[in-house]
Amino acid sequence: MAYRALYRAFRPDKLDGLVRQEHIVKILANQIESGRIGHAYLFCGPRGTGKTSTAKIFARAINCLHPKNGSPCGTCEVCKALADPANLDISEIDAASNNGVNEMRDLREKVQYPPVACRYKVYIVDEVHMLSDSAFNALLKTLEEPPAHAVFILATTEPHKLPATILSRCMRFDFKLIPQADIEAHLKHIFDTIGKTYEDEAVAAIARAGAGSMRDSLSVADICISYGKGKLTYTDVCEVLGSADFFEIAKLGGCILKEDASGALTETERVLASGKGVGVLARDILNFLNECTVAKTCRGAKELLALPAEMFAEISRIAGEADGRHILRACEIFAAAETDLRYSSSPRIVFETAVAKACLPAADADALALARRIEKLEAALKGGVPAQRPAAAEEARPAPQAGRKEEAELLPVPPEEDAPPESFAAAPPDLFAPHRAPEEQVNALAPDKRRAAFGYFMRALRKTVKSGVLFTMCQDLDPAFEGDTYVLRTDNEVICRSLNREDHFKEIARALGSIGIKDFRIELKGAAKDPFEEDVEQLRRDFPDTDVHVKK
């Protein structure tokens, strides 16, 4: 006899044999026992969860003379007749290849004929979402008013593609993905039945590869059985799935989490040179980072991951040495990279860019990268080590963005002197401005020197400020003069609130005051200006010798 695949050989023939679809089994069994059989059913859900198997069992059970617990007995005359492949009372139709209106018209004519040896004539229409619009219209009237002996069972993985007129005429049953633990138990039962020895970690790996689909898991198990004659091991399953060596992936993941860009790119080159595909490597490194997340956060990580002891020990070591936010950031980067790889003509460049981005948080501007940079600065200050500015942030500001005023000459590098030159405060006072002593003139800067004001401000801030965090937050501010008011803008709401705190605001005021700027404000880009704040600023300008405090 020809070999039969596992998913065919072990297809359940009773409702009790279905794995983790209890909510559907209970309803169908109650309908069979009470005789309340509907005329149209819709079985929908992910692939490999038992839709077609349930339809076949239900079709035989409603015709069985002596059903047991909602399942066919298999011994009565009707069950024996239905076991014959030549029977005409249960018809399976593949809607993917019979999706035209003519096939549905033919079905509408044949449904009028009564069954030969059964009580009901059952039509199982698989992949029903593939029917054309005209075919759905041809089927609609039959579903609405079918003959008393006809029962339709529609099966689909995409119920959203069915017309609402079809959905409203069917009893809908949604099949759910099967939990990994139940897939493992079913696989072990099958291996024990066929006499195949196995490691528990190997069975867990097969169940994970199935991703909730029993048929997918059985297909992988079929290949694994043929891979070796001896005991099925975790390594055998990884070879069948085409995964890279675990310890190679662990070494690459460790370099990424240590922010070792050189080591990570070297390991990437070595793994790809061994013949592994970029897509497979991206999937493997994402799985590794996910395992690190579980090991970092979950108490029962060992049971959840179900990995060999030496592999789990390596993951625990790497996860213990890494920062949780860095692991999360790396997961997000490689999840996005896996999506980008589907549409890229240069997948290797996409993956290597993701590796470099994960290893170089200083070159990134997202929230997690900024938090990482701040942590490094705080750690350096606590340890008594002078905080170094990132290599990307030189004395000059970053390259100007499109649409910003005075792009080419925004911040010329100021001279090396500690204080601005005497000519820096050379502008004559405005006759109509509020009266102030000459030394208290606000922002008395020569127009040709205003462009370098931000450079002098950063130099003064670096010498006076005690916290490297404040200096880092000020690097990306966008400076501009509005009349005599020096405005520092940011597009980050968190940074804006932090800089307006009393302690930070005083530090900034001290640094700006040392170069002759007394009137300034810090605001969020695009935010509407509060009239109350304008009044407060005017009070500060009118009464420079008085501290104006705002209570909120």
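Which residue does the side chain of E523 meet in a salt bridge? The partner is R521, with 2.8 Å from N to O. Please bear in mind that what we are viewing is a predicted model.

Let us consider the surroundings of this pair. E523 has a relative accessibility of 17%, and because buried means under 20%, E523 counts as buried. R521 is likewise classed as buried, at 9% relative accessibility. R521 also has a place in the strand pairing: it is the residue in β8 that is the bridge partner of V487.

That brings me to strand β7. β8, residues 520–524, runs parallel to β7, and 5 bridges join the two. On β7 there is also strand β6, residues 478–482, which runs antiparallel to β7 and is joined to it by 5 bridges. Within that pairing, F481 stands opposite Y486 of β7. β6 and β7 form a hairpin with 2 residues between them, and G483 in the turn has a positive phi of about 70°.

How many of the 6 residues of β7 are buried? The count is 6 of the 6 in residues 485–490, so the strand is largely enclosed by the rest of the structure. As a general point, side chains in a regular strand alternate between the two faces of the sheet. In β7, T485, V487 and R489 point one way, while Y486, L488 and T490 point the other way, and all are buried.

I turn now to helix α13, residues 261–273. The buried residues of α13 are A261, G263, A264, E267, T268, V271 and L272. Viewed down the axis of α13, these buried residues fall within an arc of 165°, so they line one face of the helix. The face turned away from that buried side carries the exposed residues S262 and A273.

What covers the buried residues of α13? The cover includes α12 (246–257), α14 (278–297) and α18 (347–359). Just after α13, G275 takes a positive phi of about 110°.

α13 also leads us back to charged residues. E267, listed among the buried residues of α13, belongs to a network of salt bridges that links E248, K251, E267 and R270. In general terms, side chains of opposite charge can pair when their charged atoms come close.

How many salt bridges does the structure hold? The total is 26. I shall mention two further examples. The side chains of R169 and E144 meet in a salt bridge at 3.5 Å, N to O. This pair links distant parts of the chain, 25 residues apart: R169 lies in the loop between α7 (164–167) and β5 (171–174), and E144 lies in helix α6, residues 133–144. R169 counts as partly exposed at 23% relative accessibility, and E144 is also partly exposed, at 38%.

The other example is E22, which forms a salt bridge with R20, the closest N and O atoms being 3.4 Å apart. E22 is partly exposed, with 45% relative accessibility, and R20 is partly exposed, with a relative accessible area of 29%.

To close, I return to the opening pair: E523 and R521 meet in a salt bridge, and E523 and R521 are buried. Thank you for your attention.

Key
Residues numbered from 1 in each chain as written. Predicted model: local features only at pLDDT ≥ 70, side-chain atom pairs only at ≥ 80, totals over all residues. Heavy atoms only, no water. Buried < 20%, exposed > 50% of the residue type's maximum accessible area, 1.4 Å probe, protein only. Helix = DSSP H or I, 4+ residues; strand = E, 2+ residues; numbered from the N terminus. Arc of directions from axis to C-beta. Contact = heavy atoms within 4.5 Å. Salt bridge = Lys/Arg side-chain N within 4 Å of Asp/Glu carboxyl O. Pairing = 2+ DSSP bridges.
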